[in-house]
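Biologist: I am new to this structure and would like a close look at a single part. Please take me through that part and its surroundings step by step.

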Amino acid sequence: TVTTNGLLNYSSGTINVTTGDTLTLNGGMNWSGSGSISGPGSVSLPFGQTMAMSVFADHTLSNLTFNNAGTITSNIAGAQLLLNNSAVFNNSGTYRFTNSNDNISQNSGTGTFNNTGTLQVSGAAHSNAVNSVTFTNAGGTLDSGPGTLNLNSGGSHSGALTITGTSVNFAGNTHSFADGTTIAGQLNVAGATSNFGTVTTNGLLNYSSGTINVTTGDTLTLNGGMNWSGSGSISGPGIVSLPSGQILAMSVSTDHTLSNLTFNNFGTTISSLGGSQLLLNNGAVFNNSGIYRFTNNIDRIFANIAPGTFNNTGTLEVSGANTNSVTNVGFTNSGGTLSSGGSGVLNITAGGSHSGVMTVTNNNVLFTGGTHTFSGASFAGTGAINLQGATFEFGNTSWNRSLAFTSGTVTLQAGTT
């Protein structure tokens, strides 16, 4: 157990810390060369001190615990800090990449990087990564700065997580977010499998590839909205909630899948999928009490692994001269609004039930398939009701709209008025 009160300058050779002992770097350290620091003891860098790693060469910690409360700078020209043979790096200070392609990794045994401090990229052209080690983040900060930080290692996240910069990418393996986790800043799911307990994202969730899962009994709350640009799937059996005032923007011409999940939309969901589909598969339920807006022609809501359900108490609308549809899902409309926009067409080919004060705007809301049951319903708005191939079954219903009957069937239940 040794304390250095001046600078430790390490350029070659080997440093070993024996079992149960600690090397405390009260004067900081310069590590310029390949070398290795081995345990099974520990090294401690106190608050206010710096360890500067330099020279193009892998720097190795082997079977050692390194406790960083100060600042580590990685300027090793695209080489790696290797956490080998069960090495553990506990970062409660700052670990800063200052050269592009410097990485944290391992090439022997296992390694662990535990972050409660700040893991940071410094420099606009820099791209850095954490690879093939176990990564845990408990209330820490992940900072891409003007560069890119790729988390290719799987791990776990908890507490109040802060993300700064727009390019912290959860890019590989499996990341689990524990119940009670809050995330400030932009979270990019870009290839990883992300498992969420009851978690609140207070910045944008940007989902381009990989998988999002919400576990049983838990809710992922999107307080910063979400961009969903890519095929991907969001699976349950938990819940995703989009609050009022927030936006889910779905883009790119590929199917977007909700599987065995409940999605509660209190905000605005925008479908701009280039003619692709939102798939409600394996019992998925979409509860729309906000706005679901089609902004691209031929986009539709569909299920190709039934059942799926779309419950509307808000507004389902077509924007522009587009034709859109709801097909092959259970469709319920309880006091909601159906709108074909100024010059668009909304085809309801999925059967379902309708109740409450329904509003139909414009004249191109077409009921073209399935069986639709109206019970305790009344109508508002200025649009006509177009029956073009569906079956209408009426219970007690107040009908004060124009009915354009082209084809289909109308049935009055016994005792109906």
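Biologist: Where does Asn322 lie? Is Asn322 buried or exposed, and which residues does Asn322 touch?

Modeller: This is a predicted model, in which local features need pLDDT of at least 70 and side-chain atom pairs count only at pLDDT 80 or more, while totals for chains, interfaces and linings use all residues. Residues are numbered from 1 along each chain as its sequence is written, and side-chain values use heavy atoms, with hydrogens and water left out.

Asn322 sits in the loop between strand E43 (315–318) and strand E44 (323–326). Strands (E, at least two residues) and helices (H or I, at least four) are DSSP runs, numbered from the N terminus. Asn322 has a relative accessible area of 12%, so it is buried; buried means under 20% relative accessible area, exposed over 50%, and partly exposed in between, with a 1.4 Å probe and protein chains only.

Contact here means heavy atoms within 4.5 Å. Not counting residues up to four places away in sequence, Asn322 touches Phe294, Thr295, Asn296, Asn297, Gly344 and Val345. For one of these, a polar atom of the Asn322 side chain lies 3.4 Å from the backbone nitrogen of Asn297.

Another of these residues, Phe294, belongs to strand E40 (residues 291–294). Phe294 counts as buried because its relative accessibility is 0%. Leaving aside neighbours within four places in sequence, Phe294 is in contact with residues including Ser271, Ile301, Leu316, Val318, Asn322, Asn324 and Leu346. Phe294 and Leu316 are 22 residues apart in sequence, and their C-alpha atoms are 8.2 Å apart.

Leu316 leads on to the largest nonpolar core. A nonpolar core is a set of buried Ala, Val, Leu, Ile, Met, Phe, Trp, Tyr and Cys residues joined through side-chain atoms within 4.5 Å. The largest one has 92 residues, and Leu61, Tyr95, Leu119, Leu258 and Leu316 touch the most other members. Strand E51 (residues 385–394) gives the largest share of this core, five residues.

Leu258 is in strand E35 (residues 256–259), where His256 and Leu258 on one side and Thr257 and Ser259 on the other are all buried. Not counting residues up to four places away in sequence, Leu258 touches Trp228, Ile234, Phe263, Leu278 and Ala284, among others. Two strands pair if DSSP finds at least two bridges between them. Strand E32 (residues 233–235) runs parallel to E35, joined by three bridges, and Ser235 has Ser259 as its bridge partner in E35. Four bridges join E35 to strand E38 (residues 277–281), also in parallel, and His256 has Leu278 as its bridge partner in E38.

Technical notes:
A polar contact is a pair of N or O atoms within 3.5 Å; within protein, one must be able to donate a hydrogen and the other to accept it, and residues adjacent in sequence count only if both atoms are side-chain atoms.
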